[in-house]
Amino acid sequence: MDYTNMHKLINYLRATYKILDEEWKKSVQALGLTQAEHHLLSIVYYEKITSMTKLAQLGLIDISTVMQVTKRLTQKGLITIEKDERDLRVSYVKLTELGAEKVRTSYEGTLKLQAYIDQFIANSEENKKFMEQLAVFQQELNQHFHGREFVEWVEKSSKRDIHGA
């Protein structure tokens, strides 16, 4: 890839992420959460119960960060942490009912970015096909860099109804 294309790729991807990041930050702050807290709560919501290690793997974050964030979530009464009776080195995370309610509430609104994408898709069949191809590319890209387990989890969790889960 030449410099011009790499320059565009970096800047357009970063700018798109900034749109999502700012909207996400504002929406979860209204619930008294940070983005890291919301991200981990959402993973636990779909997993029902998960180890700290798996939470780090699925969240694509360091285990020390998981430990810090889960400590805050415990203090807020949103999760519980239980030690494995057979192996005390392993801890499992579960949502409290308050934590589950925060996750469900967090997905009630529509982000402006999602609304834009929905409108873009509605404009033409060509746009719809492009977005489908983009989704396949993102899936393959993430499988290459983050592994099959991560992609399988994203696909599985995306099929669950947030209010019926």
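Predicted model: local features only at pLDDT ≥ 70, side-chain atom pairs only at ≥ 80, totals over all residues.
User: Where does His-38 lie?
Analyst: Residue numbers start from 1 along each chain as its sequence is written. Helices (H or I, at least four residues) and strands (E, at least two) are DSSP runs numbered from the N terminus. On that basis, His-38 lies in helix α2.

User: Is His-38 buried or exposed?
Analyst: Buried means under 20% relative accessible area, exposed over 50%, and partly exposed in between (1.4 Å probe, protein chains only). With a relative accessible area of 5%, His-38 is buried.

User: With which side chain does the side chain of His-38 make a polar contact?
Analyst: Contact here means heavy atoms within 4.5 Å. Leaving aside neighbours within four places in sequence, His-38 is in contact with Val-28, Leu-33, Ser-106, Tyr-107 and Trp-24. A polar contact is a pair of N or O atoms within 3.5 Å (within protein, one must be able to donate a hydrogen and the other to accept it, and residues adjacent in sequence count only if both atoms are side-chain atoms). At 3.0 Å, the partner of the His-38 side chain is the side chain of Trp-24.

User: Which residue follows α3?
Analyst: Helix α3 covers residues 52-59, and Met-52, Leu-55, Ala-56, Leu-58 and Gly-59 in it are buried. What covers these buried residues includes α2 (35-47), β1 (49-51), α4 (63-75), β2 (79-83), β3 (91-95) and α8 (148-158). With a positive phi, near 55 degrees, the residue after α3 is Leu-60.

User: How are α7 and α8 oriented to each other?
Analyst: Axes are lines fitted to C-alpha atoms, for helices over the stretch in contact, and angles run from 0 to 180 degrees between N-to-C directions. The axes of α7 (residues 125-146) and α8 come within 7 Å and cross at roughly 140 degrees. Angles under 35 degrees count as roughly parallel, over 145 as roughly antiparallel, 65 to 115 as roughly perpendicular and the rest as oblique. The two helices, α7 and α8, are therefore oblique.

User: Which residues of α8 make the contact with α7?
Analyst: From α7, the contact is made by Gln-139, Asn-142, Gln-143 and His-146. From α8, the residues are Arg-148, Phe-150, Val-151 and Glu-155.

User: How many aromatic pairs does the structure hold?
Analyst: Rings of Phe, Tyr and Trp (its six-membered ring) pair if their centres lie within 6.5 Å; planes under 30 degrees apart count as stacked, over 60 as edge-to-face and the rest as tilted. The number of aromatic pairs is two.

User: What kind of pair do Tyr-45 and Tyr-46 form?
Analyst: Tyr-45 is buried at a relative accessible area of 4%, and Tyr-46 is buried at 15%. Their ring centres are 5.6 Å apart and their planes stand at 85 degrees, so the pair is edge-to-face.

User: Which helices hold Phe-120 and Phe-130?
Analyst: The ring centres of Phe-120 and Phe-130 are 6.3 Å apart, with planes at 75 degrees, so this pair is edge-to-face. Phe-120 is partly exposed at 25% relative accessible area, and Phe-130 is partly exposed at 42%. The pair links distant parts of the chain, ten residues apart: Phe-120 is in helix α6 (residues 112-123) and Phe-130 in helix α7.

Notes
Heavy atoms only, no water.
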